[in-house]
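Here's a quick tour of a predicted model. Have a look at the fold before reading on.

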Amino acid sequence: MIEKRTAIELSDGRELIYFDETPNADRTEWPDRRQLPPPPPTSQLRYDPLVDEWVAVAAHRQTRTFLPPSDKCPLCPSTPEFASEIPAPDYDVVVFENQFPSFSDRVSPNEITELTDQVPVRPGIGRCEVVCFTSDHNSSFGALPEARVRTVVDALADRTTELSALPGVAQVFPFENRGIEIGVTLSHPHGQIYAYPMVPPRTQAMLRAAERHATRTGGRNLYADVLAAEQKAQVRVVAANEHWTAYVPASSRWPFEVHLAPHRQVPDIPALNDAERAAFGPLYLDMLRRFDALFDKPMPYISAWHQAVVGEGRDLGYLHLQLFSIRRAPDKLKFLAGSESAMGAFINDVIPETAAQILRDIR
Ligand SMILES: [Zn+2]
């Protein structure tokens with residue numbers, strides 16, 4: 001749990017927040033000793049008229065740090081020899097604005113130009129943050145104690161509330177990419193938060209489906225009905241506790257995919273009550289350990305919090321965590337090739353009921 005919250009400003013004006021588990025941690029005595037240049041100009045959003053979607057273009061991200069040696073890790077605490085992104089010599093959980101953001105609020109919101117008649121361009125307004133789960137470079141989320149998972153959940157609630165209130169933000173998306181197989185450029189255990197200026201395509205599709213379902217059923221929530229059906233069928237449920245159920249979606253797109261859903265319909269992480277936050281850690285850690293045990297080596301995964309949108313359609317949302325891996329065999333990865341990348345049509349090589357059975361049996 002968070003006992004103390006301390007916000008400071010890095011040398012280039014970016015915000016950094018320490019979420020400490022002890023009330024007496026003093027973080028203000030450690031200023032950023034670096035002299036960083038101002039944050040890069042932000043990205044653009046370009047409209048793709050062929051599919052009615054926005055694409056973010058952020059060229060400055062090409063220069064970002066790629067797998068630095070551990071004594072030059074920007075997410076480790078600072079040492080006398082090396083000033084990292086985190087000025088203090090230690091921390092519990094820390095969140096800061098990404099130095100190479102895909103979206104940023106340091107732009108004027110009304111700068112709209114047009115490349116062609118069909119392709120409007122607008123500033124990539126929003127915000128991108130980095131969440132460090134532990135100061136231990138060689139740890140992983142799955143190795144965190146339950147108390148730390150709770151602190152991370154509380155920090156994500158804090159960030160979701162603040163970022164949702166920023167002008168122009170449509171959806172707040174906390175996620176973790178784990179493993180170089182996923183394209184992670186820093187091995188230090190960390191996640192990210194994107195505050196999107198538009199409703200992303202997958203959320204748009206989910207909103208359309210949820211709206212159709214509500215109309216057809218006199219206002220029922222689609223995700224709640226899907227969850228109830230899975231709880232009744234049991235065949236794809238991997239594990240559950242009083243407040244959460246973890247199940248393999250019936251139409252899973254990935255070789256190993258699990259949804260963790262709270263039993264009570266809530267729009268986002270801030271809406272989780274104390275008991276629900278406490279019950280999340282044990283089940284999630286259990287899932288991560290099962291994932292790592294599948295092939296007896298650290299599983300590359302993507303862990304994605306689906307939260308309700310900020311504006312229209314918010315009432316249709318149902319918070320859930322989507323956890324999935326691209327590893328389908330000890331030495332085989334699932335790549336998004338022709339059908340998935342060009343057509344958006346997924347082909348899963350593992351039957352979801354089989355995946356659920358394997359995940360249930362493994363310990
Ligand atoms: Zn590190």
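Let's start with a pair of helices: α1 and α4 lie oblique to each other, because an angle between 115 and 145 degrees is neither roughly perpendicular nor roughly antiparallel. The angle here is about 125°, and the two axes run 9 Å apart. As for handedness, α1 passes α4 in a right-handed crossing.

Which residues make up the contact between the two?

| Helix | Residues in the contact |
|---|---|
| α1 | E146, V149, R150, V153, D154, A157 |
| α4 | D274, R277, A278, F280, G281, P282, L285 |

For orientation, α4 covers residues 274-294.

Take C76 and H137, which sit 61 residues apart and link distant parts of the chain. C76 belongs to the loop between β4 (53-57) and β5 (93-97), while H137 is in the loop between β8 (127-132) and α1 (146-164). Both C76 and H137 are buried.

One last stop is D225, a residue of helix α3 (residues 222-233). Setting aside neighbours within four places in sequence, D225 touches H213 and R220. Y196 is 29 residues from D225 along the chain, and their C-alpha atoms are 28 Å apart.

Terms used. Residues numbered from 1 in each chain as written. Predicted model: local features only at pLDDT ≥ 70, side-chain atom pairs only at ≥ 80, totals over all residues. Heavy atoms only, no water. Helix = DSSP H or I, 4+ residues; strand = E, 2+ residues; numbered from the N terminus. Buried < 20%, exposed > 50% of the residue type's maximum accessible area, 1.4 Å probe, protein only. Axes fitted to C-alpha atoms, helices over the stretch in contact; angles between N-to-C directions. Parallel < 35°, antiparallel > 145°, perpendicular 65-115°, else oblique. Left-handed = near helix turned anticlockwise from the far one by under 90°. Contact = heavy atoms within 4.5 Å.
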